[in-house]
Amino acid sequence: MTNRCKWVNLNNPLYVDYHDNEWGRVTHDEHQLIEMILLESMQAGLSWECVLNKRKNYENAFDNFDIDKIVEYDENKFNELLNNPGIIRNKLKIKCIINNSKIIKNIISEYGSFDNYIWHFTNNKVVTYKRVLTRSSLSDKISNDLKSRGMTFVGSVIIFSYLQAIGVINSHEESCDFRYID
């Protein structure tokens, strides 16, 4: 029998696949880093599993997370998104994706890439915590920086979850057969 992190809903094949093949893997892929921060912001007040189940719908609705297209969305596109039953139809969260995409573009202009920005906080090193956390001084620092730039739905808990997802923070449980690094 394969051991996975306890949070994985074994009855949801999409969630199992996400854990086994994506979550916690170190990535420097610009598109994936942007997609994940935009999706993570959607989970505020909800479970990640809820957002993950709608991921394909988000990809379709938001032009495959092409921030160059997202920053150009007008009121008609906003209303289209607000009426899209495949995504979370929350006005603030839809505005968040559009607004945060603009700020990400500014960060890319400043740092050369979003990858350079996010990984500079750890000097390109993976951080491992030996205990279960939902936030840390690292996620506090990044969250505060993103908020100071005008991003929304990027509290420390959401950023901690984001950092876990993209492999900046190694949080696989010690008993997990997939990614635990000693």
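Tyr18 and Trp48 are both buried, buried being under 20% relative accessible area, exposed over 50% and partly exposed in between, with a 1.4 Å probe and protein chains only. The model here is a predicted one, where local features need pLDDT of at least 70, side-chain atom pairs count only at pLDDT 80 or more, and totals for chains, interfaces and linings use all residues. Residues are numbered from 1 along each chain as its sequence is written, and side-chain values use heavy atoms, with hydrogens and water left out.

Nine aromatic pairs turn up in a search of the whole structure. For these, rings of Phe, Tyr and Trp (its six-membered ring) pair if their centres lie within 6.5 Å; planes under 30 degrees apart are stacked, over 60 edge-to-face and the rest tilted. Since Tyr18 belongs to helix α1 (residues 13–21) and Trp48 to helix α3 (residues 48–53), the pair ties together parts that are 30 residues apart in sequence. Tyr129 and Phe160 are also tilted, because their ring centres are 5.9 Å apart and their planes sit at 35°. This pair, too, links distant parts of the chain, 31 residues apart: Tyr129 is in the loop between β1 (127–128) and α9, and Phe160 is in helix α10 (residues 156–165). Phe160, at 2% relative accessibility, counts as buried, while Tyr129, at 25%, counts as partly exposed. Elsewhere, Tyr111, Phe114, Tyr117 and Phe121 are joined into a cluster by ring pairs.

With its neighbours within four places in sequence set aside, Leu138 touches Phe121, Thr122, Val127, Tyr129, Leu163, Val168 and Ile169, a contact being heavy atoms within 4.5 Å. Leu138 has 11% relative accessibility and so counts as buried.

As for the overall fold, the protein has 10 helices and two strands, taken as DSSP runs numbered from the N terminus (helices H or I, at least four residues; strands E, at least two). From the N terminus, the order is α-α-α-α-α-α-α-α-β-α-α-β. The radius of gyration is 16 Å, close to the 16 Å from the globule rule for 182 residues, so the protein is as compact as a globular protein of that length; the radius is taken over C-alpha atoms, and the rule is 2.2 Å times the number of residues to the power 0.38. Of the 182 residues, 48% count as buried.
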